[in-house]
Every structure is written in structure tokens, then in C-alpha cells.
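Dear colleague,

I am handing over the structure we spoke about, and below it you will find what turned up when I went through it. Please read the notes with the model open beside them.

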Amino acid sequence: MTGADPMAAFTAAQQAAGVVAARHRGDLAGAEELLAGFPDEGARVRGFCLLAELSLSLVRSQTGQTMDELVQELTLLMASATDVGPPPGPAR
């Protein structure tokens, strides 16, 4: 992530992880409080983007899949969860 203070980005990613953890344990009020604690929308976006990248890197290191394969699998899982079908794209 370029253009932002690296420490601020990691702090935002830690806060984003806290949001995910709070939601997972059913603490929706805590998750909302953490979301409201971001200094601005840009910090929130950078935090969640960095969290997603780090999470996918962790899965990649455990599975040996490429990042493209993981993103494709994630996209298919999201599509099946919403029953909207796979995103448009080139046929393989």
C-alpha cells in the first residue's frame, strides 16, 4: 500500500481484525464501536485492504496456492453465498 504511513496502515489493519473478531464472537456493538473508531474512511479502507492481503498471504503460505487462485476461489465462494452466480469473465 503506497502513499500512507506504514505504521498507520498496520494499526488500521489491527483495528480491522478487531472488528472481524468482535463480529465473529457476536459482539456487534463492539464491532460497530471499532468501526466508528477509524479516523476516516480512507484509514478504514486501507486497514481492511491490508488485513485482506495479509490473510490471503497466510492462506497462500499454508496451501501453496497462488494469490490469483485464492482470489478466484474467494470470488466463487462470495458468488455462491449470494446466489448471484460467478462474475462475468473469460471462460476457462
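**What was found**

Of the 92 residues of the protein, 18% count as buried. Please keep in mind throughout that this is a predicted model.

**Overall build**

The secondary structure comes to four helices and zero strands, and read along the sequence the protein follows the pattern α-α-α-α.

**How α1 meets α2**

Two packed helices are described by the angle between their axes and the distance between the axes. Helix α1, which covers residues 6-24, packs with helix α2, residues 28-36, at an angle of about 165 degrees, and their axes are 7 Å apart. An angle over 145 degrees counts as roughly antiparallel, and α1 and α2 are therefore roughly antiparallel to each other. The crossing of these two helices, α1 and α2, is left-handed. On the α1 side the residues in contact are Q15, G18, V19, A22 and R23, and they meet L28, G30, A31, L34 and L35 in α2. Sorted by class, the contact of α1 with α2 has six nonpolar, three polar and one charged residues.

**How α3 meets α4**

Helix α3 and helix α4, the latter covering residues 67-82, pack at an angle of about 110 degrees, with their axes 10 Å apart. That angle makes α3 roughly perpendicular to α4, and the crossing of α3 and α4 is right-handed. The residues that α3 brings to this contact are E53, L56, S57, V59, R60 and T63, which meet M67, L70 and V71 in α4. The residues of the contact of α3 with α4 divide into five nonpolar, two polar and two charged.

Leaving aside residues up to four places away in sequence, Q15 touches L34, G37 and F38. The C-alpha atoms of Q15 and G47 are separated by 7.4 Å, although these residues lie 32 residues apart along the chain.

F10 is also found in helix α1, and at 42% relative accessibility F10 counts as partly exposed. With residues up to four places away in sequence again not counted, F10 touches L50 and L54. From C-alpha to C-alpha, F10 and G47 are 6.9 Å apart in space, while in sequence they are 37 residues apart.

**Salt bridges**

How many salt bridges does a search of the whole structure find? The search finds two, and I describe each of them in turn.

In one of them, the side chains of R25 and D27 meet at 3.9 Å, N to O, which falls within the 4 Å that a salt bridge requires. R25 is exposed, with a relative accessible area of 58%, whereas D27, at 30% relative accessibility, counts as partly exposed.

In the other, the side chains of R44 and E41 meet at 3.4 Å, N to O. R44 and E41 are separated by about one helical turn, because they are three residues apart in helix α3, which covers residues 41-63. R44 counts as partly exposed, at 26% relative accessibility.

Conventions. Residues are numbered from 1 along each chain as its sequence is written. This is a predicted model: local features need pLDDT of at least 70, side-chain atom pairs count only at pLDDT 80 or more; totals for chains, interfaces and linings use all residues. Side-chain values use heavy atoms; hydrogens and water are left out. Buried means under 20% relative accessible area, exposed over 50%, partly exposed in between (1.4 Å probe, protein chains only). Axes are lines fitted to C-alpha atoms, for helices over the stretch in contact, and angles run from 0 to 180 degrees between N-to-C directions. Angles under 35 degrees count as roughly parallel, over 145 as roughly antiparallel, 65 to 115 as roughly perpendicular and the rest as oblique. A crossing is left-handed if the near helix is turned anticlockwise from the far one by less than a right angle, and right-handed if clockwise. Contact means heavy atoms within 4.5 Å. Ala, Val, Leu, Ile, Met, Phe, Trp, Tyr, Cys and Pro count as nonpolar, Asp, Glu, Lys and Arg as charged, and the others, Gly among them, as polar.
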